[in-house]
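Me: Hi! I would like to learn how to read helix packing and aromatic pairs. Could you walk me through an example?

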Amino acid sequence: MKTCRPSWDEYFSKIALDVSLRSTCIRHQFGSVIVTQDHEIVATGYNGVVRNAPHCQDVGCIKNKNNVESGTGHEICPGVHAEQNALIQAGRKSRKCTLYINAFPCKICARLIVNAGIARVVVSGEYTDKEGLEIMKNAGIIISHIDLDKKEGTEEY
């Protein structure tokens with residue numbers, strides 16, 4: 001009996017989605033996975049507040065309280081993004097790796113992704129801040145999109 005084995009992109013994108021379930025953010029749950037060219041996971045990350053701070057799901061969202069639009073107000077949010085947490089864990093091991101994320105990286109994360117030496121980003125969702133895509137494209141990072149609902153291959157941006 002032949003089984004439908006997921007592609008590497010589908011496999012790691014689903015892992016990023018599972019990682020996002022650890023998020024304590026009220027607005028969005030994001031997960032990220034950094035993977036070597038040999039398909040080995042280097043690090044994972046999800047979005048949430050800094051260590052030892054009260055979680056937004058417990059004390060409320062400052063951006064919601066101030067009517068701050070999605071994709072803006074990063075400076076008032078106590079959260080650390082999924083990509084940032086994964087990059088912190090990976091350190092220099094992230095060079096030439098692929099980063100899987102279930103949303104477009106924001107412009108701040110895009111800059112960190114470029115400087116970390118990530119070679120490719122696979123996105124399985126969307127986000128309101130699309131400026132990060134241009135930053136990564138201009139730096140020569142390959143950006144692919146995978147639709148997990150359609151279970152189709154990736155398409156290049």
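Reply: Gladly! Let us begin with axes: these are lines fitted to C-alpha atoms, for helices over the stretch in contact, and angles run from 0 to 180 degrees between N-to-C directions. Helices (H or I, at least four residues) and strands (E, at least two) are DSSP runs, numbered from the N terminus. The model here is predicted, so local features need pLDDT of at least 70, side-chain atom pairs count only at pLDDT 80 or more, and totals for chains, interfaces and linings use all residues. Residues are numbered from 1 along each chain as its sequence is written, and side-chain values use heavy atoms, with hydrogens and water left out.

Me: At what angle do the axes of helix H5 and helix H6 cross?

Reply: The axes of H5 (residues 107-116) and H6 (residues 131-138) cross at roughly 20° and come within 7 Å. Angles under 35 degrees count as roughly parallel, over 145 as roughly antiparallel, 65 to 115 as roughly perpendicular and the rest as oblique. H5 and H6 are therefore roughly parallel to each other.

Me: Which residues make the contact of H5 and H6?

Reply: Contact means heavy atoms within 4.5 Å. On the H5 side are Lys107, Ala110, Arg111, Ile113 and Val114, while H6 brings Glu131, Gly132, Ile135 and Met136.

Me: How do I read a pair of aromatic rings?

Reply: A ring pair is described by the distance of the centres and the angle of the planes. Rings of Phe, Tyr and Trp (its six-membered ring) pair if their centres lie within 6.5 Å; planes under 30 degrees apart count as stacked, over 60 as edge-to-face and the rest as tilted. The whole structure holds 4 aromatic pairs. In one of them, the ring centres of Trp8 and Tyr11 are 5.9 Å apart with planes at 80°, so this pair is edge-to-face. Trp8 and Tyr11 sit 3 residues apart in helix H1 (residues 8-20), about one helical turn.

Me: What kind of pair do Phe12 and Tyr100 form?

Reply: A tilted one, with 5.4 Å centre to centre and 40° between the planes. Phe12 lies in H1 and Tyr100 in strand E5 (residues 98-101), so the pair ties together parts 88 residues apart in sequence.

Me: Is Phe12 buried or exposed?

Reply: Buried means under 20% relative accessible area, exposed over 50%, partly exposed in between (1.4 Å probe, protein chains only). Phe12 is buried at 1%, and Tyr100 is buried at 3%. Trp8, at 42%, is partly exposed.
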